[in-house]
Amino acid sequence: MDLNLKDKVFLISGGAKGIGEAITMTIAAEGGIPVIIDPSETEGANLLKKLEASGGTALHICKRLTDSNTCKSVINESLSIFDRIDGVVNNAGVNDGVGLEDGSPEAFSQSIQKNLNHYYDLTHFALPHLIKSKGSIVNISSKTALTGQGSTSGYAAAKGAQLALTREWAVELLKYGIRVNAVIPAEVFTPLYQKWINTYDNPESKLKEIESRIPLGNRMTTAQEIADMVVFLLSARATHITGQHLFVDGGYTHLDRALNTLNP
Ligand code: NAP
């Protein structure tokens, strides 16, 4: 299936590690041009080398999206080199554990700033160019938006808002033919996940316990499985899909909790 991404330019926030890295690699494998927005200097440089060695074109903008000015400057930097934007993947985020009981209003606001504001800001500044290209937007949310996790109010609120914005933007941008969708991972082993699982006393047994509850295959979702859905949604093969929340989670969020897939 040709996804028709050749020479099209896609911005990926947090595109140097974890799920973002897989999205970057998959866009490049389809002939697209990934613009990686990520503060990870070494990982970004290595990824760029790998992509260029395989004949691809890419850009690494080594920045953390902290405020609207940074988002604006990132868009300008990308345009100064490629002069077009065909898609935005809002992916950067951190499950920073700002709870209700042990958090504070200030920490909550900061968490929203880290996890939500740049989804709006980056898309806002990219929009005139997405209108020109009839581009596409994918927001990476999280199952915590629907299930809760405990002790992570800022992250969960941001992830819920991303789902609301997906529908809101899908409606607002209908007139331009711009499609907006969300992909919802549950359990994907990435550097972020590693940090989170390490907060448990026995991370290995916690991981086994989680895997045993994932209905399809009793295993984590791979970053590649998330990337495949994202890249499909960005592509011209998904031209009648908009405003959708797509769960790529082996049935984790929705299937019957009474299932015992280890001993069926
Ligand atoms: P990850 O392993 O931490 O990778 C994320 C990358 O984004 C890192 O390189 C990180 O850099 C960068 N980043 C973080 N904040 C940024 C910002 N403001 N501007 C630019 N880059 C930034 O995370 P991941 O697990 O791949 O998660 C990616 C997305 O999937 C997130 O939105 C997350 O909420 C969502 N998700 C993941 C899972 C999972 O199981 N992994 C489950 C549900 C949802 P630093 O490391 O330097 O901060």
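## A loop residue to start with

Lysine 134 sits in the loop that joins helix 4 (105-133) to strand 5 (136-140). Here helices (H or I, at least four residues) and strands (E, at least two) are DSSP runs, numbered from the N terminus. The model you are looking at is predicted, so local features need pLDDT of at least 70 and side-chain atom pairs count only at pLDDT 80 or more, while totals for chains, interfaces and linings use all residues. Residues are numbered from 1 along each chain as its sequence is written, and side-chain values use heavy atoms, leaving out hydrogens and water.

Lysine 134 is exposed, with a relative accessible area of 58%. "Exposed" means over 50% relative accessible area, "buried" under 20%, and "partly exposed" in between, using a 1.4 Å probe and protein chains only. Its phi is near 55°, a positive value in a residue other than glycine. Serine 151, in the loop between helix 5 (144-147) and helix 6, also has a positive phi, near 60°. Most residues other than glycine have a negative phi.

## Around the ligand

Which residues come nearest to the ligand? Of the 29 residues around the ligand, they are Lys17, Asn91, Tyr155, Val188 and Thr190. To count as near, a residue needs a heavy atom within 4 Å of the molecule.

Now look at the oxygen atoms of the ligand. One lies 2.6 Å from a polar backbone atom of asparagine 91. An oxygen atom of the ligand is also 2.9 Å from an N or O atom in the side chain of arginine 64, and a polar side-chain atom of serine 40 is 3.2 Å from a ligand oxygen. On its own the ligand has 890 Å² of accessible area, and the protein covers 93% of that. Such areas come from the Shrake-Rupley method with a 1.4 Å probe.

## Pairs of opposite charge

How many salt bridges does the structure hold? There are seven. A salt bridge here is a side-chain nitrogen of Lys or Arg within 4 Å of a carboxyl oxygen of Asp or Glu. Glutamate 187 pairs with lysine 143 in this way, with their closest N and O atoms 3.8 Å apart. This pair links distant parts of the chain, 44 residues apart: glutamate 187 is in the loop between strand 6 (179-184) and helix 7 (191-197), and lysine 143 is in the loop between strand 5 and helix 5. Glutamate 187 is buried at 6% relative accessible area, and lysine 143 is buried at 9%.

Another salt bridge joins glutamate 225 to arginine 219 (2.7 Å, N to O). Glutamate 225 is partly exposed at 29%, as is arginine 219 at 37%. A network of salt bridges links Lys206, Glu209 and Arg213.

Lysine 159, in helix 6 (residues 153-172), is buried yet has no salt bridge. The nearest side chain of opposite charge, aspartate 96, is 10.0 Å away; Lys and Arg count as positive, Asp and Glu as negative, and His and the chain ends are not counted. Beyond its neighbours within four places in sequence, lysine 159 contacts Tyr119, Ile140, Ser141, Ser142, Thr144 and Ala145. Contact means heavy atoms within 4.5 Å.

Valine 231 belongs to helix 9 (residues 223-234) and is buried, with a relative accessible area of 1%. Not counting residues up to four places away in sequence, valine 231 touches residues including Leu3, Ile23 and Glu30. The C-alpha atoms of valine 231 and threonine 24 are separated by 9.3 Å, although these residues are 207 residues apart along the chain.

Notes: Polar contact = N/O pair within 3.5 Å; in protein donor to acceptor, adjacent residues only side chain to side chain.
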